[in-house]
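Me: Hi, I'd like to go through the charged side-chain pairs in this one. Can you take me through them slowly?

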Amino acid sequence: MKYILLTILSVLFMTGCSDGSGDEVAAGRYGMMSTDTPQYTAIVFMRAIYHDETLERAISMADARFGRIMQNHHTNKNVQRHMLNLRLNNMTVDPVSGGTLIFSDVQKEADIEVKIEGDFEGNQVVDLKTISMIRESGKWLVVDIKNTIP
């Protein structure tokens, strides 16, 4: 009886200690990335567009102008189709290794290149995008997304 009670308490303790966000970014050196870098914000922004049900998190990570443009498209699929020109069923996103910023805590602007891999209708798709960002009140905000390779 003691072992059953101990097992139940340990399971409750372990599940109570997790934050439950499930949106950990395993990128950067040794699979760890600081949450206050523009690379982290770019990855979470792209994941929000492709994995979330609504655009709310992605809009909250954009500046006012870019957020209004995204909001006018109403759905994630429309943002993928019209703004990114890249519809995918499943996707992974990683920062390109050359796009690191050494003094990202001092920078006010950043252009982060990300590699997006996924599939659409059975075809493998790989694309590079450049995400332009600004820092306002200590928070990185997306202001534009461009094709890295024209």
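Reply: Before we start, a word on terms: buried means under 20% relative accessible area, exposed means over 50%, and partly exposed lies in between. Please also keep in mind that this is a predicted model.

Me: OK, so where does aspartate 127 fall, buried or exposed or in between?

Reply: Aspartate 127 has a relative accessibility of 22%, so it counts as partly exposed.

Me: And which residue does aspartate 127 pair with?

Reply: Its side chain meets that of lysine 129 in a salt bridge, with 3.3 Å from N to O.

Me: What does arginine 57 pair with?

Reply: Arginine 57 forms a salt bridge with aspartate 52, and the distance from N to O is 2.9 Å. Arginine 57 is partly exposed at 28% relative accessibility, and aspartate 52 is also partly exposed, with a relative accessible area of 25%.

Me: And which partner does lysine 115 have?

Reply: Lysine 115 is joined by a salt bridge to glutamate 117, and their closest N and O atoms are 3.7 Å apart. Lysine 115 is partly exposed, with a relative accessible area of 32%, and glutamate 117 is partly exposed as well, at 24% relative accessibility.

Terms used:
Residues are numbered from 1 along each chain as its sequence is written. This is a predicted model: local features need pLDDT of at least 70, side-chain atom pairs count only at pLDDT 80 or more; totals for chains, interfaces and linings use all residues. Side-chain values use heavy atoms; hydrogens and water are left out. A salt bridge is a side-chain nitrogen of Lys or Arg within 4 Å of a carboxyl oxygen of Asp or Glu. Buried means under 20% relative accessible area, exposed over 50%, partly exposed in between (1.4 Å probe, protein chains only).
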